[in-house]
Amino acid sequence: MTPEDLAHLRRARDLIDREYPRPLDVPAMAQAALMSPAHFSRQFRAAYGETPYSYLMTRRIERAKALLRRGDLSVTDVCTAVGCTSLGSFSSRFTELVGESPSAYRARDHADLAAVPACVAKVLTRPRRNKEAQVSGPA
């Protein structure tokens, strides 16, 4: 992969990071990277270890966790705020990545993170791909 390809992929990743709440599809992301959708998907996965859609959903779940920790929004409101259109799909992906349902996560006490700076809390609470990590773990 060339440095130019990586720069184009970073531009698409920045688009995802910045515009995660709006509807994004692979063709729109590929356009930002100046690549065809199929080539973009292959290159993105090679560079970042996950598909563009998985990366987008990870960003959405990461933001959803922050909103749910605040406790002032319902799970449905959080779902729409992060750009998901299906509450069922959102809840399934959230549970897959976080290990508990959005409502259970929202109900849990998050006081231990109150004194932690936001930039550190973001790293500590970053969603991890539980099922995929189990599959690719040591044999």
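Which residues form one aromatic cluster? Phe40, Phe44, Tyr48 and Tyr55 do. The model is predicted: local features need pLDDT of at least 70, side-chain atom pairs count only at pLDDT 80 or more, and totals for chains, interfaces and linings use all residues. Residues are numbered from 1 along each chain as its sequence is written, and side-chain values use heavy atoms, with hydrogens and water left out.

**Confidence**

- The average pLDDT of the protein is 86, and 81% of the residues score at least 70. pLDDT is the predictor's confidence in each residue, from 0 to 100.
- Residues 130-139 have a pLDDT below 50. Beyond near neighbours in sequence, this stretch has six contacts in the model (heavy atoms within 4.5 Å).
- Where pLDDT is low, the predicted coordinates should not be read in detail.

**Helix H3**

- H3 spans residues 37-48, twelve residues in total. Helices here are DSSP runs (H or I, at least four residues), numbered from the N terminus.
- From first C-alpha to last, H3 reaches 16 Å, close to the 16 Å expected at 1.5 Å a residue. The expected span is 1.5 Å times one less than the number of residues.
- Phe40, Gln43 and Phe44 are the buried residues of H3. They lie on the same side of H3, because they cover an arc of only 105° around the axis. The arc is that of the directions from the helix axis to the C-beta atoms.
- Arg42 and Ala46 are exposed on the other side of H3. Buried means under 20% relative accessible area, exposed over 50%, and partly exposed in between (1.4 Å probe, protein chains only).
- The cover over the buried residues of H3 includes helix H1 (3-19), helix H2 (26-32) and helix H4 (52-70).

**Aromatic pairs**

- Rings of Phe, Tyr and Trp (its six-membered ring) pair if their centres lie within 6.5 Å; planes under 30 degrees apart count as stacked, over 60 as edge-to-face and the rest as tilted.
- By this rule there are five aromatic pairs. In one of them, the rings of phenylalanine 40 and phenylalanine 44 have centres 5.5 Å apart and planes at 55°, so the pair is tilted.
- Phenylalanine 40 and phenylalanine 44 are four residues apart in helix H3, so about one helical turn separates them.
- The rings of phenylalanine 90 and phenylalanine 94 also form a tilted pair, because their centres are 5.9 Å apart and their planes stand at 50°.
- Arginine 59 lies over the face of tyrosine 55, 4.6 Å from the ring centre. A charge sits over a ring if NZ of Lys or CZ of Arg is within 6 Å of the ring centre and within 35 degrees of the ring normal.

**Helix H6**

- Phenylalanine 90 and phenylalanine 94 both lie in H6 (residues 87-98), four residues apart, about one turn of the helix.
- Relative accessible area is 1% for phenylalanine 90, so this residue is buried. For phenylalanine 94 the value is 0%, so this residue is buried.
- The buried residues of H6 are Phe90, Arg93, Phe94, Leu97 and Val98. They cover an arc of only 110° around the axis, which puts them on the same side of H6.
- Glycine 99 follows H6, with a positive phi near 95°.

**Leucine 34**

- Most residues other than glycine have a negative phi. Leucine 34 has a positive phi, near 60°.
- Leucine 34 sits in the loop between H2 and H3. Its relative accessible area is 60%, so leucine 34 is exposed.

Terms used: Helix = DSSP H or I, 4+ residues; strand = E, 2+ residues; numbered from the N terminus.
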